[in-house]
Amino acid sequence: MLTVVKISQGRGPYYKVEFSNGEKLRLSEDTVVRHRLLKGQELDEKMLDEIKQEGKEDLGFQLALNYLSYQLRTEKELRTYLKENEIESADRQKIVVRLKEMDLLNDLVYGESYVRTQMRIGDKGPRVLQQKLKQKGLNDTDIQHALYLYEADEQFQVAAHTAKKAMRKFHHSSPREVQRKIQQLLMTKGFSSDISKNVLAELDFSEIEEQETDALELQGEKLWRKNQRFEPAKRRQKVKQSLYQKGFQLDQIDAFIRGKEEADE
């Protein structure tokens, strides 16, 4: 016969139970209560084996419930968490099945909730959301069903908000450069080219257009100093090329360069 020699509260939702044969088990409170385990209690090897087998799965289940209590999780996230907590593969599978039957683990529900949240507070388009959900372990069918919630009107609203916010950072650029940067940003965020074009068509660039001369002066001064080591013709060419690539108009660029050359003389 074996004897329970010590029961102590462990970290998390479990107890450490030590037996007279030197074995130490990590058991959930439910398992301890169900078997009425107390210090000094005697039990045989068969009973210990039953407790060990039952305890492993029950402990994993309690850990899973605790993990799910904070927020929605995907099946992949839960499996990873249980593995990190040393729950064996067979027990992980039983726990996942049990939680699915209880409707506490549902990747489609997770996906729909994730998409709704991103539509409300995020700045990502459907392409990026698809990648994120794929990384979290959702299958293609659940991902597509979740993304049905993200209709074109919602995509436009989120993209427009993202673009307007970004415009505040580009006040020292040419209108053409701002449009290019915003289009690139929206594509990177996962919006389609059609949504990006529609957003650009609705944006008000009047303030940036009014500041274009100031932006040209600012960018041009930097480039003029940067290229001062070159002989005049080379310097003129490099500054003109750089400013054109930044979206400024050629007549404005030429006027700026003429002014700098006259000032240098």
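**Close-up views of a predicted model**

**View 1. Helix α9 passes helix α10 in a right-handed crossing.** A crossing is called right-handed if the near helix is turned clockwise from the far one by less than a right angle, and left-handed if anticlockwise. Here α9 (residues 175–188) and α10 (residues 193–202) pack at an angle of about 145°, with their axes 9 Å apart. Axes are lines fitted to C-alpha atoms, for helices over the stretch in contact, and angles run from 0 to 180 degrees between N-to-C directions. Gln-179, Ile-182, Gln-183, Leu-186 and Met-187 of α9 make the contact with Ser-193, Ser-196, Lys-197, Val-199 and Leu-200 of α10, where contact means heavy atoms within 4.5 Å. Sorted by class, these are 5 nonpolar, 4 polar and 1 charged residues; Ala, Val, Leu, Ile, Met, Phe, Trp, Tyr, Cys and Pro count as nonpolar, Asp, Glu, Lys and Arg as charged, and the others, Gly among them, as polar.

A word on the model before the next view. The model is predicted, so local features need pLDDT of at least 70 and side-chain atom pairs count only at pLDDT 80 or more, while totals for chains, interfaces and linings use all residues. Residues are numbered from 1 along each chain as its sequence is written, and side-chain values use heavy atoms, with hydrogens and water left out.

**View 2. Four strands form an open antiparallel sheet in the order β3-β2-β1-β4.** Strands (E, at least two residues) and helices (H or I, at least four) are DSSP runs, numbered from the N terminus, and two strands pair if DSSP finds at least two bridges between them. Strands β3 (24–28) and β4 stand at the edges with a single partner strand each, so one side of each has no neighbour in the sheet. Follow β1 (residues 2–9) to find 2 bridges to β4 (residues 42–43), antiparallel to it; Leu-2 has Leu-43 as its bridge partner there. Another 5 bridges join β1 to β2 (residues 14–19), also antiparallel, and Val-4 stands opposite Phe-19 in β2.

**View 3. Helix α2 lies across β1, β2, β3 and β4.** This helix spans residues 45–68 and runs at about 50° to β3.

**View 4. Helix α2 meets helix α3 in a right-handed crossing.** Their axes come within 10 Å and cross at roughly 130°. Gly-60, Leu-63, Ala-64 and Tyr-67 of α2 touch Glu-77, Leu-78, Tyr-81 and Leu-82 of α3. This contact divides into 6 nonpolar, 1 polar and 1 charged residues.

**View 5. Helix α3 packs against helix α4 with axes within 10 Å.** Here α3 (residues 75–84) and α4 (residues 89–101) cross at roughly 140°, which makes α3 oblique to α4. The crossing is right-handed. On the α3 side look for Glu-75, Leu-78, Arg-79, Leu-82 and Lys-83, which meet Arg-92, Gln-93, Ile-95, Val-96, Leu-99 and Lys-100 of α4. By class, that gives 5 nonpolar, 1 polar and 5 charged residues.

Note on methods. Angles under 35 degrees count as roughly parallel, over 145 as roughly antiparallel, 65 to 115 as roughly perpendicular and the rest as oblique.
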